[in-house]
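Student: Could you walk me through how to read the features of a protein model? I would like the general idea each time, and then the case at hand.
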Amino acid sequence: MYLNHDKRIENICRLVFAYFDVPLEKIKVKNRQAQIIRAKQFTAYFLRREVHKITLQEIGVIFDLDHATALHSIRKINDLAEVDKEYRTYHEELCAKIIELYR
């Protein structure tokens, strides 16, 4: 089933934030709480990976960040998923949930 660009973005945001038990209303909040930052970083990572033709600027707008911060988030998750067992688990479980979402 094909979902349009905006619906796919919304679904991924909702899924990742729910996974980390963070209210979606905090998506644009400036906060240094680890749980919120982790949710934002994983969301940015999966948006870039799963939503074709989304730009770093568009990802930045979703979180009220600049494109460089969005890129940093994506790279950080990519790197940590390779070396950190906890982040690898998050990555694998979220991948499975996203696959199930669009099955």
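Student: How do the residues of the lining of the largest pocket divide into nonpolar, polar and charged?

Tutor: Happy to start there, and please keep in mind that this is a predicted model. The lining of the largest pocket holds seven nonpolar, five polar and three charged residues.

Student: What volume does the largest pocket have, and which residues are the closest to its centre?

Tutor: The volume of the largest pocket is about 240 Å³. It is lined by 15 residues, and those closest to the centre are Asn-31, Ile-37, Lys-40, Leu-65 and Thr-69. You can also read the lining by element: α2 (34–50), α3 (56–63) and α4 (67–83) each give two or more residues to it.

Student: Let's turn to those helices. How should I describe the way α3 and α4 pack?

Tutor: Two packed helices are described by the angle between their axes and the distance between the axes. For α3 and α4, the angle is about 95° and the axes are 8 Å apart. An angle of 65 to 115 degrees counts as roughly perpendicular, so α3 and α4 are roughly perpendicular to each other.

Student: Which residues make that contact?

Tutor: From α3 come Leu-56, Gln-57, Ile-59 and Gly-60, and from α4 come His-67, Ala-70, Leu-71 and Ile-74. Sorted by class, the contact of α3 with α4 has five nonpolar and three polar residues, with no charged ones.

Student: At what angle do the axes of α2 and α4 cross?

Tutor: The axes of α2 and α4 cross at roughly 95° and come within 8 Å. This pair, α2 and α4, is therefore roughly perpendicular too. On the α2 side, the contact is made by Gln-41, Phe-42, Ala-44, Tyr-45 and Arg-48, while α4 brings Ser-73, Ile-74, Lys-76, Ile-77 and Asn-78. The contact of α2 with α4 has five nonpolar, three polar and two charged residues.

Student: Now for single residues. Why does Glu-50 count as buried?

Tutor: For this you compare the relative accessibility with a cut-off: buried means under 20%. Glu-50 has 17% relative accessibility, so it counts as buried. Glu-50 sits in helix α2. Leaving out residues up to four places away in sequence, Glu-50 touches Arg-8, Ile-12 and Ile-98.

Student: And Lys-53, is it buried or exposed?

Tutor: Lys-53 counts as exposed, because its relative accessibility is 79%. You will find Lys-53 in the loop between α2 and α3. Have a look at its backbone as well: phi of Lys-53 is near 70°, a positive value in a residue other than glycine.

Student: What is phi for Asp-64, and where is Asp-64 placed?

Tutor: Asp-64 has a positive phi of about 60°, although it is not a glycine. It lies in the loop between α3 and α4. With 46% relative accessibility, Asp-64 counts as partly exposed.

Student: Which residues does Asp-64 touch, not counting residues up to four places away in sequence?

Tutor: Asp-64 touches Lys-28 and Lys-30.

Conventions. Residues are numbered from 1 along each chain as its sequence is written. This is a predicted model: local features need pLDDT of at least 70, side-chain atom pairs count only at pLDDT 80 or more; totals for chains, interfaces and linings use all residues. Side-chain values use heavy atoms; hydrogens and water are left out. On a 1 Å grid over the protein atoms alone, a cavity is a set of points where a 1.4 Å probe fits but cannot get out, and a pocket is an open set with protein on both sides within 12 Å along at least five of seven lines; lining residues have an atom within 4 Å of a point. Grid points are joined across faces, edges and corners, and a volume is the space filled by probe spheres set on the points. Helices (H or I, at least four residues) and strands (E, at least two) are DSSP runs, numbered from the N terminus. Ala, Val, Leu, Ile, Met, Phe, Trp, Tyr, Cys and Pro count as nonpolar, Asp, Glu, Lys and Arg as charged, and the others, Gly among them, as polar. Axes are lines fitted to C-alpha atoms, for helices over the stretch in contact, and angles run from 0 to 180 degrees between N-to-C directions. Angles under 35 degrees count as roughly parallel, over 145 as roughly antiparallel, 65 to 115 as roughly perpendicular and the rest as oblique. Contact means heavy atoms within 4.5 Å. Buried means under 20% relative accessible area, exposed over 50%, partly exposed in between (1.4 Å probe, protein chains only).
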